[in-house]
Amino acid sequence: GFVRGLMGANLALAGRCANDPEVRPRLGTAFVDALRWALVARSRDPEADLRARITAGLELGWLGDPRFERRGGPDGAYLVPPMVEIPGGVYPIGEDEPIIDPIDGEESRDHMPRHAVAIEAFAIGRYPVTNAEYACFMAAGGYDEERWWDTEDGRAWRRGEGTAEGPKQSARNSLHYIRGNLQALEGWHDSGQIDDEIYERWLRRLAMTPDEFEAHLTELYPGGRETEPRYWRDGWYNNPAQPVVGISWYEARACAAWLGAQTGQIYRLPTEAEWEAATRRAVARRFAYGETFDATRSNTVATRIRRPTPVGVFVEGDTPEGICDMAGNVAMWTSSLWGEDLDEPAYKYPYDAADGREKPDAAPSIRRVVRGGSWDFPSNLARAADRVRDFPDIRNYDVGVRLAVSAPISVKH
């Protein structure tokens with residue numbers, strides 16, 4: 001009775017009370033379900049304050065999100081990801097104008113030129129994969145079962161071979177860039193793209209000798225076998241309703257393969273062309289939600305939330321077709337290759353799926369394309385056409401995954 005009465009005054013607090021281990025067993029199933037759906041409604045209410053939506057989403061995560069139906073498969077329980085169908089057709093990909101970084105003023109032209117790409121019908125996740133969904137893969141022994149890791153490099157990564165190389169090289173590249181662009185470091189800090197702790201870390205790195213820096217990297221990235229996402233035990237990132245982060249490209253693919261075996265569907269990572277087609281559709285929107293950037297419609301560095309938000313709380317940022325968080329929150333792995341060089345893509349536009357850029361077994365030294373902006377990316381990276389890249393074994397706190405299914409499609413919407 002107390003929790004029921006509290007719902008009308010403070011819904012999120014009612015959810016927190018319901019999550020108390022002494023209270024939860026005393027609440028009936030029907031009541032808990034009603035509370036869950038009330039929290040869903042609050043998290044998706046465009047009239048509610050954004051902070052209220054976020055809080056409702058976080059409490060919903062611990063209570064269990066009813067939008068994800070729980071089922072049993074041959075290899076464990078899983079959550080059915082809601083999907084949105086994208087019709088086959090010819091879609092405009094890329095743009096004819098450079099994208100300018102608002103912090104350092106650099107121009108990106110990797111998304112040029114604009115061109116048409118024929119894409120078969122497919123479905124894409126309404127939300128990024130959540131921690132709750134990924135927990136099912138872990139609980140089913142996903143890291144112990146080699147069959148989900150379907151490339152030789154993926155199997156090697158699962159065994160713990162070379163897991164530190166990509167992170168180390170990425171840090172080396174960043175240090176090299178910062179040494180030549182100190183104003184960029186200051187801009188990242190001033191804008192909130194990096195916090196005080198990371199800013200101070202880069203200042204310390206700038207003062208290190210090469211040997212000291214390598215020793216620092218070895219301490220930070222010791223390598224060895226990984227059996228959970230990098231930030232899985234960090235309370236800033238591990239609410240069940242938040243998108244999973246800190247996963248490599250190999251982990252994202254293994255999770256997709258495991259889910260496919262449980263459902264009978266072929267889940268996979270989308271190509272970057274599919275991701276862009278789902279975001280922009282035939283009208284070629286600049287952002288998922290329209291033509292002009294709006295900091296209130298997506299979780300980017302401009303919003304200054306500084307961590308991933310529960311999926312779907314930025315209602316105004318949905319695509320018109322109902323796909324959530326395509327212009328921020330977390331960036332997402334795609335299946336597409338970029339190339340070895342950080343600045344010059346080996347796989348340029350126009351996009352051609354037959355030129356080798358969709359090879360699943362490329363070497364770990366070849367970067368993969370990441371799409372979608374994130375909570376610590378500036379507005380330019382939230383552009384639907386922008387292309388980001390990283391090594392497949394990188395496990396950053398701002399990168400997750402969104403799954404796709406090829407036609408014929410028979411998944412729950």
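**Close-up views of a predicted model**

**View 1. Helices H7 and H9 cross at roughly 80°, and their axes come within 11 Å.** The model shown here, and in every view below, is predicted. On the H7 side, the contact is made by Ala171, Ser174, Leu175, Ile178 and Arg179. On the H9 side, Trp202, Arg205 and Leu206 meet them. What kinds of residues make up the contact of H7 with H9? Five are nonpolar, one is polar and two are charged.

**View 2. Helix H8, residues 182-191, has a buried face.** Which residues of H8 are buried? They are Ala184, Leu185, Gly187, Trp188 and Ser191. Seen down the axis of H8, these buried residues fall within an arc of 160°, so they line one face of the helix. An α-helix has 3.6 residues a turn, so residues three or four places apart point the same way. The cover over the buried residues of H8 includes helix H7 (165-180) and helix H9 (196-206). Just after H8 comes Gly192, with a positive phi of about 90°.

**View 3. Arg285 sits in the loop between helix H12 and strand E10.** H12 spans residues 272-280, and E10 spans 331-339. Is Arg285 buried or exposed? Its relative accessible area is 7%, so Arg285 is buried; the cut-off for buried is under 20%. A polar atom of the Arg285 side chain lies 2.7 Å from the backbone oxygen of Thr279. Leaving aside neighbours within four places in sequence, Arg285 is in contact with Ala278, Thr279, Arg280, Gly290, Glu291, Thr319, Pro320, Glu321 and Ala384. How far is Arg285 from Tyr127? The two are 158 residues apart in sequence, and 19 Å apart in space, C-alpha to C-alpha.

**View 4. Ser298 also lies in the loop between H12 and E10.** Ser298 has a relative accessible area of 4%, so this residue is buried. Which backbone oxygen does the side chain of Ser298 reach? That of Ala327, at 3.3 Å. Not counting residues up to four places away in sequence, Ser298 touches Tyr289, Phe293, Thr303, Phe314, Ala327 and Gly328.

Note on methods:
Residues numbered from 1 in each chain as written. Predicted model: local features only at pLDDT ≥ 70, side-chain atom pairs only at ≥ 80, totals over all residues. Heavy atoms only, no water. Buried < 20%, exposed > 50% of the residue type's maximum accessible area, 1.4 Å probe, protein only. Helix = DSSP H or I, 4+ residues; strand = E, 2+ residues; numbered from the N terminus. Arc of directions from axis to C-beta. Contact = heavy atoms within 4.5 Å. Axes fitted to C-alpha atoms, helices over the stretch in contact; angles between N-to-C directions. Nonpolar A, V, L, I, M, F, W, Y, C, P; charged D, E, K, R; others polar. Polar contact = N/O pair within 3.5 Å; in protein donor to acceptor, adjacent residues only side chain to side chain.
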